Structure formats: structure tokens, C-alpha cells
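Thanks for coming. I will go through one structure, a piece at a time. Please keep the picture in view while I talk.

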Amino acid sequence: MAFEGLSDKLSAAFKKLRSKGKLSEADVKEAMREVRLALLEADVNYKVAKDFVKSVTERAIGSDVLTSLTPAQQVIKIVNDELTTLMGAENSRINFSSKIPTIIMMCGLQGSGKTTHSAKLAKFFKKQGKRPLLVACDVYRPAAIDQLKVVGEKVGAPVFEMGQIDPVTIAKKAISHAKDYGHDIVILDTAGRLHIDEQLMGELKNIKSELKPNEILLVIDSMTGQDAVNVAKSFDEALGIDGVILTKLDGDTRGGAALSVRAVTGKPIKFVGMGEKLEDLEPFYPDRMASRILGMGDVLTLIDKAQEQLDLGKSEKMAQKLKENSFDLDDLLEQMKQIRKMGPLSQVLSMLPGVKGAIKDEEAEQGEAQLRQIETIINSMTKAERAKPAIVNPSRKRRIAAGSGTKVEDVNRLLRQFEQMQKMMKQFSGMGKKGKRMRGMM
Ligand code: GDP
């Protein structure tokens, strides 16, 4: 996960502060030295790291922080506030046009994730009830047009293309097509190069001046660290961008780009890409990201994801089953599938307060493997066995283990855990309102 190194180092620095009780100016300065090193190691721009530490130190020393009852807590709060400010303070949204369609121009270097994120955005807008049209303006590589068609089909958004002709002509035709067919958003997937060059910039400027897009989004790859920030600076100076989509934040990037882009370009990060799948796009909230970095979790994004991915009708039914104590292994399987839809376990867990750092990636992977094992075991059971696990006798256990490629012990373990779960639920059912709340939490 991104920011792992940074999070670990920051929490080490804060642990030292917390262990001290009363803090002197020297303690704060020492902690800030560690914070600065942690930022630099995370590939944060040198000047950004320096300014950051300077403003945290000024605020920590200059106020009543040191004489307060919980000085370490106050310092951490200041770091949290400043991290949030550094990344842009508020969530920046897309500028929608009052005229239909809204035109979004995507640009960026080749491989940054432009085509993938054009489709991710289309999916995101479709969920909001909009009707996006994807437009293939990357005319140099025929493969790029095909790729856009593939991802467009996956998200159910039509792709407008005219082959390898002048991109301005394509974009103009696409706008009138959008008007004719009732598309309210047009997403232009423009050409990328391996490096910034004059010709590319010339072409993008041309599209900008002819089409007057409402939003120019630059797609940058967070894995490229400082380079990503330099690319953002150059694109902004040459073309003028409205915001950034920072991709591949799911990888083992050190996270420096996320922390420096805003400070260096003055342009906000609007979305982050968190994986290769087309639903792996999150609106960027600086405060939520700061709290993820500081290991305080991000419950709000988790709730958003749950609301997006979970089938509320099914959840109601489950709640009813829990209440009646008729929850069976089939239901457990269904619940597990729903949770898996929210993303890899490591990502979901890292959004819970206090879990980051407490659970390492390997452990989350083990957990993931266990979930998969439980699923295969349940899948090897008959309908009757899932509904009434008590009938699973030794010969059935052997059959299930053989069918799922597991051992009889694994089957036993699952049955034991399920039995415990049922017992717990029975207790809650006898607890009235409080029990209901507890069941809800489960
Ligand atoms: P383009 O050349 O800028 O259009 O880039 P593509 O959209 O073709 O993406 C380049 C590669 O990066 C592809 O293999 C994508 O699957 C991958 N990719 C894009 N976004 C993400 C992301 O957020 N996370 C991860 N892990 N991979 C991504």
C-alpha cells in the first residue's frame, strides 16, 4: 500500500513524543526533523517538506500547545491539519458546464493510465445517472483506439472514433454527436507520449482552444514520484490544467506525488486511481488521505464504498435472518462476496482506524487466502449441508475436503467458527435493542 513507509516513520516519531508527557521546544524540533526525513524518503519535494515542517513547528511552538495537557496529541493534530492543507484542504469537484455537454479533456504521458481512467470516470458518472461519451482522440496508435473501445464496453459507455484523423475534427464531431444522442458528458482521451514534447503540447493546445473544455484533467502516475510532479508542472505551464488524477496509488508508491502536486502546481488532485479494475477510482479528499497517512483510518471512504457496492436489499434480508437466527452458510458466503466487492482486504482494512501498521500486507494476504478457502469449502457443500451444518458427519467432511482441495481440519475449523458465530448471534437476539445494534455492527 502507498504511504506505508511514511506512515510507519511518522508513527515512530509520534510515539516518542507521546512517551514524553511534557514537551520542550527541543523535543518538537527533534520530532520535526524526523518528520522531514520521513517526507523526503517518501519522495516529497524538498521545498515542500521544508515548508511543511516549518509551518508545523511554528504552530506547535508559538501557541499554547506545549503547556497544554496533551501536547503530543496537539502536535499530531497540527500535523494532520497541515497535511490536509498541503493536499488542498477540500475535495475539488469537476466543473460541470451549464451548457450540455460538459467537456472533459484527459491528458498525460503514455502509460500514466489515461485510457483506463477515462473509462473509470465514465463509470463514475454513469453511477450518478449521467450519460458519458468516450472519444478516441489518441490517433497515433491504432491500439489506443481499440483499448478505449474495450474499456468503454466494459463500463457500458459508447466510444466515438473516426480512426486516425485530426483529433480536433474528431472532437468537434463528437460534440455534435453527443448533442444528437443526449450525452451530457464528453470525455476526450487524447494522445500521450513517453516524454513531453513540443508537438504533443501543440496538439493539446489546439484541442483546448478549439473545444474550450470545461475541465482539463492531467493523469499522472504516482509511482514516478518526483517526476510525476515535474510532469504536472510542465503540463500546467504549457497547457493550463484544472486538476489532476493521480493513478496507481494502490501500488507500493512512496506517496510523495500525492503530497507535493498541490503545493508545486497549485492545482488540486481531483481523483485517485486505486487499482487496475474500472471501479477502482476514488474522489480525492485531502482530510481523509491525511488521516490514512497518520494511521487514523478512513471510515468515511469505507462507508462510501459500502454504500456503493453493497446491495442494500440483500443487507436488509441478512439483518432479518440474523434476528431470526436463521443465518446459514449460504448467507455467510453471500456476505463474504459482498465484502470482497469493496476491494482487496488489505485496502479495506487499512481504512479502519488503528489497523494500519497493526496488520502488515502479508497478514492481510493470509486473511485473503483464508477467505478464499472458506468460500471454496462452502462451495463444495450441498444445499442441505449449507442450510444445516449440523448434518455434516465425518464422511461428509471427507467428501467436502476432497472436493475443495482442503483438509478435514480446515472443514472442521470453518464449522466450529460458524457454530461460535451462531451462538453469539443467539445471545444478541436475546438482548433487545442493544442486541440489534450489536448485530448491525457485525
Ligand atoms: P495510457 O497510456 O495513459 O492510456 O495508460 P493506460 O490506461 O493504458 O494504463 C497503463 C497501465 O497502467 C495499464 O496496464 C493499466 O492497467 C495500469 N493502470 C492504470 N491505472 C492504474 C491504477 O490506478 N492502478 C494500477 N495498479 N494500475 C493501473
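Let us start with helix α7, which runs over residues 167-181, has 15 residues and reaches 20 Å from its first C-alpha to its last. That is close to the 21 Å expected at 1.5 Å a residue, where the expected span is 1.5 Å times one less than the number of residues. When I say helix I mean a DSSP run of H or I with at least four residues, and a strand is a run of E with at least two, both numbered from the N terminus.

Before going on, two notes on the source. This is a predicted model, in which local features need pLDDT of at least 70 and side-chain atom pairs count only at pLDDT 80 or more, while totals for chains, interfaces and linings use all residues. Residues are numbered from 1 along each chain as its sequence is written.

Back to α7. Which residues of α7 are buried? They are Pro167, Ile170, Ala171, Ala174 and Ala178. They cover an arc of only 95 degrees around the axis, which puts them on the same side of α7. Buried means that 20 or more other C-beta atoms lie within 10 Å of the residue's own; exposed means 12 or fewer, partly exposed is in between, and the C-beta atoms are placed from the backbone. The arc is that of the directions from the helix axis to the C-beta atoms. As background, an α-helix has 3.6 residues a turn, so residues three or four places apart point the same way.

On the other side of α7, Ser176 and Asp180 are exposed. Contact here means that the C-beta atoms of two residues, placed from the backbone, lie within 7 Å. Just after α7 comes Gly182, with a positive phi of about 70 degrees.

Now helix α6, residues 142-155. It has 14 residues and reaches 21 Å between its first and last C-alpha, close to the expected 20 Å. Its buried residues are Ala144, Ile145, Leu148, Val151, Gly152 and Val155. These cover an arc of only 135 degrees around the axis, which puts them on the same side of α6. What do the buried residues of α6 pack against? The list is α5 (114-127), β2 (132-137), β3 (159-160) and β4 (185-190). The face turned away from that buried side carries the exposed residues Pro142, Ala143, Asp146, Val150 and Glu153. After α6 comes Gly156, whose phi is positive, near 70 degrees.

Next, the ligand. There are 18 residues around the ligand, and Gly113, Lys114, Thr115, Thr116 and Gly273 come nearest. A residue counts as near if its C-beta atom, placed from the backbone, lies within 6 Å. The largest share of this shell, three residues, comes from α5. By type, the shell has one nonpolar residue, twelve polar and five charged. For that count, Ala, Val, Leu, Ile, Met, Phe, Trp, Tyr, Cys and Pro are nonpolar, Asp, Glu, Lys and Arg are charged, and the others, Gly among them, are polar.

Now some backbone details. Most residues other than glycine have a negative phi, and most peptide bonds are trans. Asp43 is not a glycine, yet it has a positive phi of about 75 degrees. Asp43 lies in the loop between α2 (25-41) and α3 (46-62), and counts as buried because it has 23 C-beta neighbours inside 10 Å. Lys248 also has a positive phi, near 60 degrees. Lys248 sits in the loop between β6 and α10 (256-265), and with 24 C-beta neighbours inside 10 Å it is buried. A cis peptide bond joins Ile100 and Pro101, with omega about 0 degrees. Pro101 is in the loop between α4 (71-86) and β1 (102-108).

Gly243 belongs to strand β6, residues 243-247. Why does Gly243 count as buried? Because it has 22 C-beta neighbours inside 10 Å. Leaving out residues up to four places away in sequence, Gly243 touches Ser92, Glu215, Leu217, Lys267, Pro268, Ile269 and Lys270.

Last, the whole chain. It has 20 helices and eight strands, and of its 442 residues, 39% count as buried. The C-alpha trace spans about 75 × 65 × 40 Å along its principal axes.
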